[in-house]
Amino acid sequence: MMHIMSNNSDSLLLLIVKKSSTDFYIGLGLALLSTIFIGTSFIFKKLALHRISRNGFRAGDGSLSYLCEWMWWMGFILMGVGEFANFLAYTFAPAMLVTPLGGLSVLVSALLSVHFLNERLNCIGGFGCCICLLGSTLIVLHAPKEQNLTSLQEMWSKLTDPPFIIYSFFIVLMSIVLICILGPRYGKRNPIIFTLISGSIGSLSVIACKGIGIGLKDFNLSWYNLRRIVSIKMFLIK
């Protein structure tokens, strides 16, 4: 009896490890697809802006002529698909893997801009691309294969920790100051302000995406279990 229970526990453990590994590679693939779609979307949007600028219109001056360009809409759709793939990646892989891989979209955009936009990538830019690629490779090789958070209850316990509450309050306060005060005054001259806004709000949106993904997985699992229970009851009734 003990031997049978030991074999069952070993089989269950092997199944869990195999599923975690499968989820890891699914999330990795979705994250890489996301970077390709998002990086390509920038090229389409830039081409659309170049086309309207040749006609004397500039988006920076308030012109909305780019909305009439199919290239801009193609870039918009590609970005939407990329963001959706990125969202799905959070449901399968750890956030510490998916989030840094988003930086590869900059690498994709830089390489494509050399060919399609006739932009020149200097030595420093090429060195930066190599560092970005090397860092992403190291993250993929050393990221954990399994997720630490597997349920909404575990995530809620983490979100209610005092350090995270203090961090969230600081991020929200800083974002309000940047958007309402510093952005209108210095935003056009100093792009670091918008970078800070994007990074600070993005740190919270990553957690939100992770929570939604875990919730969807829990819902699917509950729905699957409910269908099994209903099927068993119907079989017993018959």
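The second largest pocket has a volume of about 360 Å³. A pocket here is an open set of points on a 1 Å grid where a 1.4 Å probe fits, with protein on both sides within 12 Å along at least five of seven lines. This model is predicted, and linings use all residues, while local features need pLDDT of at least 70 and side-chain atom pairs pLDDT 80 or more. Numbering starts from 1 along each chain, and side-chain values leave out hydrogens and water.

Ten lining residues are nonpolar, eight polar and one charged. Domain 1 (1-146) and domain 2 (149-237) each give at least three.

The crossing is left-handed. In H4, Leu104, Leu107 and Ala110 meet Cys129, Cys132, Leu133 and Ser136 of H5, with heavy atoms within 4.5 Å. Six of these contact residues are nonpolar, one is polar and none is charged.

Technical notes:
On a 1 Å grid over the protein atoms alone, a cavity is a set of points where a 1.4 Å probe fits but cannot get out, and a pocket is an open set with protein on both sides within 12 Å along at least five of seven lines; lining residues have an atom within 4 Å of a point. Grid points are joined across faces, edges and corners, and a volume is the space filled by probe spheres set on the points. Ala, Val, Leu, Ile, Met, Phe, Trp, Tyr, Cys and Pro count as nonpolar, Asp, Glu, Lys and Arg as charged, and the others, Gly among them, as polar. Domain bounds come from an automatic or database domain assignment. A crossing is left-handed if the near helix is turned anticlockwise from the far one by less than a right angle, and right-handed if clockwise. Helices (H or I, at least four residues) and strands (E, at least two) are DSSP runs, numbered from the N terminus.
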